[in-house]
Amino acid sequence: MNRQDILTWLRERDERQLEQLYRQADVVRADHVGDDVHLRGLIEISSHCLRSCAYCGLRRPNQHAQRYRMSRSEILESVELAVGLGYGTVVLQSGQDHELTGDFVVDLIRQLKSASPLAVTLSLGERSLEELAAWRAAGADRYLLRFETSNRALYERIHPPLGNTRSDRIALLGHLRKLGYEIGGGVMVGIPGQTYEDLATDIETFRELDLDMIGIGPYLPHPMTPLAKEHDETQSTGGQQVPNSESMTYKVLALTRITCPLANIPSTTAVATLNRTDGLELGLMRGANVVMPNVTPMAYRRLYEIYPDKACLHEPSERFDQRLRERIRGIGRTVGIGRGDSPRMLAARRKTGAGVA
Ligand code: SAH
């Protein structure tokens, strides 16, 4: 699929036409990564953040946000819950919180890796190369760092630098790859100021970076952020502005699957927030092969408010898990067993003849 095809699909509005695109994405998904849906237990370990991202409710200037940082034993309890539910991966996510020190995270990873065969994914923001290397050496397997948009000017507007250090998430993903991590990028769909051309470049960038994991969700305005006001103003302008709609998100998801057939792609909580009834299923039927059930303690989940009213706030992990398995079976899919490593990485290892861990 070339850039022009991608742009034509992004602008397509006829749902009957779009069914063709969705069918194609579903076939590519089945052929390349199969019917398994891999489950990753998401633990939101801290809501402290020293950045000022214009889109995110955790931004440091938001004084209304209540902050928490989970203790080691609380984190381990959530990990136990994830293991008990049969998840082969835990994802440790947080704001960019430097009081979660490099050493604390090293110890935590060591403890997790010595106790179980879990895969550990980190999503702790932009940390130093030394820290990222130490975490990898301690056993961390994967790192999620969405680049949010490939449009540099838009990125700088919504994701200001910390002090004098220029933020370059695309370069950081390259470093993470060299360190041996499976790498995950991704974008938000419908950021105020984002154009169709930008989204086409985002999808091309996924392919160029050869990502193992790609997260795509609608931009959801948080009232305590500067971007929410811009959102209200741009929605009526039409034209080049990409809507932050459910349908636009599925288009990007399907095009991403067709463009990056081997990637692990989640049906995200943000999609499920826009459509609580069957957003999760529709994501899985239009390219996704991963779900990240939230196993953060209920009291903290509400406080990890990157956007309001996240879909996971009301249901305890055990009950959600039970329903999730039924929902996955309900669309004719199977629940993945084990770590669900990157098919792209496994294929590369097979090619070089290296052993598979
Ligand atoms: N501090 C980490 C984790 C941030 S939360 C980091 O910056 O990488 C993970 C993702 O949530 C972000 O990368 C962003 O794409 C998404 N997100 C944040 N605020 C959002 C919003 N208002 N609407 C939709 N997605 C949002």
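## A buried serine

At 0% relative accessibility, Ser-47 counts as buried. Buried means under 20% relative accessible area, exposed means over 50%, and partly exposed lies in between (1.4 Å probe, protein chains only). Ser-47 sits in the loop between β1 (36-46) and α3 (72-84). Helices (H or I, at least four residues) and strands (E, at least two) are DSSP runs, numbered from the N terminus. The side chain of Ser-47 reaches the backbone oxygen of Gln-66 at 3.5 Å. A polar contact is a pair of N or O atoms within 3.5 Å; within protein, one must be able to donate a hydrogen and the other to accept it, and residues adjacent in sequence count only if both atoms are side-chain atoms.

## About the model

This is a predicted model, in which local features need pLDDT of at least 70, side-chain atom pairs count only at pLDDT 80 or more, and totals for chains, interfaces and linings use all residues. Residues are numbered from 1 along each chain as its sequence is written, and side-chain values use heavy atoms, with hydrogens and water left out.

## The whole chain

The chain has 15 helices and eight strands. Its C-alpha trace spans about 50 × 45 × 40 Å along the principal axes. Of the 357 residues, 56% are buried.

## Around the ligand

The ligand is surrounded by 17 residues. The closest are Ser-94, Arg-146, Glu-148, Arg-169 and Leu-220. A residue counts as near if one of its heavy atoms lies within 4 Å of the molecule. By class, the shell has ten nonpolar, four polar and three charged residues. Here Ala, Val, Leu, Ile, Met, Phe, Trp, Tyr, Cys and Pro count as nonpolar, Asp, Glu, Lys and Arg as charged, and the others, Gly among them, as polar.

Which atoms pair up? An oxygen atom of the ligand is 2.9 Å from an N or O atom in the side chain of Arg-146. The backbone takes part too. A nitrogen atom of the ligand lies 2.7 Å from a polar backbone atom of Leu-220. For a polar backbone atom of Ile-306, the distance to a ligand nitrogen is 3.5 Å. On its own, the ligand has 550 Å² of accessible area, and the protein covers 92% of that. Accessible areas come from the Shrake-Rupley method with a 1.4 Å probe; for residues, only the protein chains shown count as cover.

## Two positive phi angles

Glu-148 has a phi near 70°, a positive value in a residue other than glycine. Its place is the loop between β4 (142-144) and α6 (152-158). Glu-148 is buried, with a relative accessible area of 8%.

Asp-210 is not a glycine either, yet its phi is positive, at about 50°. Asp-210 lies in the loop between α8 (196-209) and β6 (213-218). At 39% relative accessibility, Asp-210 is partly exposed.

## An enclosed helix

Helix α10 covers residues 246-259 and has 14 residues. From first C-alpha to last it reaches 20 Å, close to the 20 Å expected at 1.5 Å a residue. The expected span is 1.5 Å times one less than the number of residues. Twelve of the 14 residues of α10 are buried, so the helix is largely enclosed by the rest of the structure. Among them are Met-248, Tyr-250, Leu-253 and Thr-256.

Ala-200 lies in helix α8 and is buried, at 0% relative accessibility. Ala-200 and Thr-256 are 56 residues apart in sequence and 9.8 Å apart in space, C-alpha to C-alpha.
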